[in-house]
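Please open the model in a viewer and keep the sequence panel at hand.

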Amino acid sequence: MRTTKSAAGILGIVTLSISLPAAAQLLPEVTEKAKKAPAPRPSQIVIVTNPAAQVYLDDVFKGQASPQGRLVIENPKVGDHTLRISLSGKSDYEKQVKVTGGQVTRVEATL
């Protein structure tokens, strides 16, 4: 017994329309973004002096030294500055300081 079947039936060819869910679809190739350089550290001037001393940078009052005799000037402009420290009954301390970007400038001033 010989049976004739169509070629499509023999091979089992079936045409289906397949659509993938959105999560399973291929995404376009994405190039990795260039890494950003870390932000530069801010400059600082750290002053160690007598407690309660008045600190001026370029004749602008920046604050009073703590009871431990410390004051930090955050993020001063890069370049040369005049630092003046004064305390009632003591001689003023004056010095030229150079601020470099991202660096800590330490000044010890005994009045």
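A residue is called buried under 20% relative accessible area, exposed over 50% and partly exposed in between, with a 1.4 Å probe and protein chains only. By that scale, G69 is buried, at 0% relative accessibility. This is a predicted model, in which local features need pLDDT of at least 70 and side-chain atom pairs count only at pLDDT 80 or more, while totals for chains, interfaces and linings use all residues. Residues are numbered from 1 along each chain as its sequence is written, and side-chain values use heavy atoms, with hydrogens and water left out.

**The loop between β3 and β4**

Select G69, which is found in the loop between β3 and β4; strands here are DSSP runs (E, at least two residues), numbered from the N terminus. Which residues does G69 touch, not counting those up to four places away in sequence? They are I47, V48, T49, N50 and P51, where contact means heavy atoms within 4.5 Å. Now display the C-alpha atoms of G69 and P51: they are separated by 4.0 Å, although the two residues are 18 apart along the chain.

Leaving aside neighbours within four places in sequence, its contacts are P51 and A52.

**Strands β1 and β7**

Select residues 44-48, strand β1, together with β7: the two run parallel and are joined by 5 bridges. Strands count as paired if DSSP finds at least two bridges between them. Within this pair, I47 stands opposite V107. In a regular strand the side chains alternate between the two faces of the sheet. Strand β7 (residues 104-108) has T105 and V107 on its covered face, and V104, R106 and E108 on the uncovered one.

**The hairpin of β5 and β6**

Strands β5 (residues 79-86) and β6 (residues 93-99) run antiparallel, with 7 bridges between them. L83 stands opposite K95 in β6. Of the 6 residues between the strands, select G89, which takes a positive phi near 85 degrees.

**The nonpolar core**

Finally, show the largest nonpolar core, which has 16 residues. Such a core is a set of buried Ala, Val, Leu, Ile, Met, Phe, Trp, Tyr and Cys residues joined through side-chain atoms within 4.5 Å. Those with the most contacts inside it are I45, I47, V55, I73, L83 and I85. Two or more residues each come from β1, β2 (54-57), β4, β5 and β6, and β6 gives the largest share, 3 residues. End at I85, whose contacts beyond four places in sequence include I47, V55, Y93 and L111.

Terms used. Helices (H or I, at least four residues) and strands (E, at least two) are DSSP runs, numbered from the N terminus.
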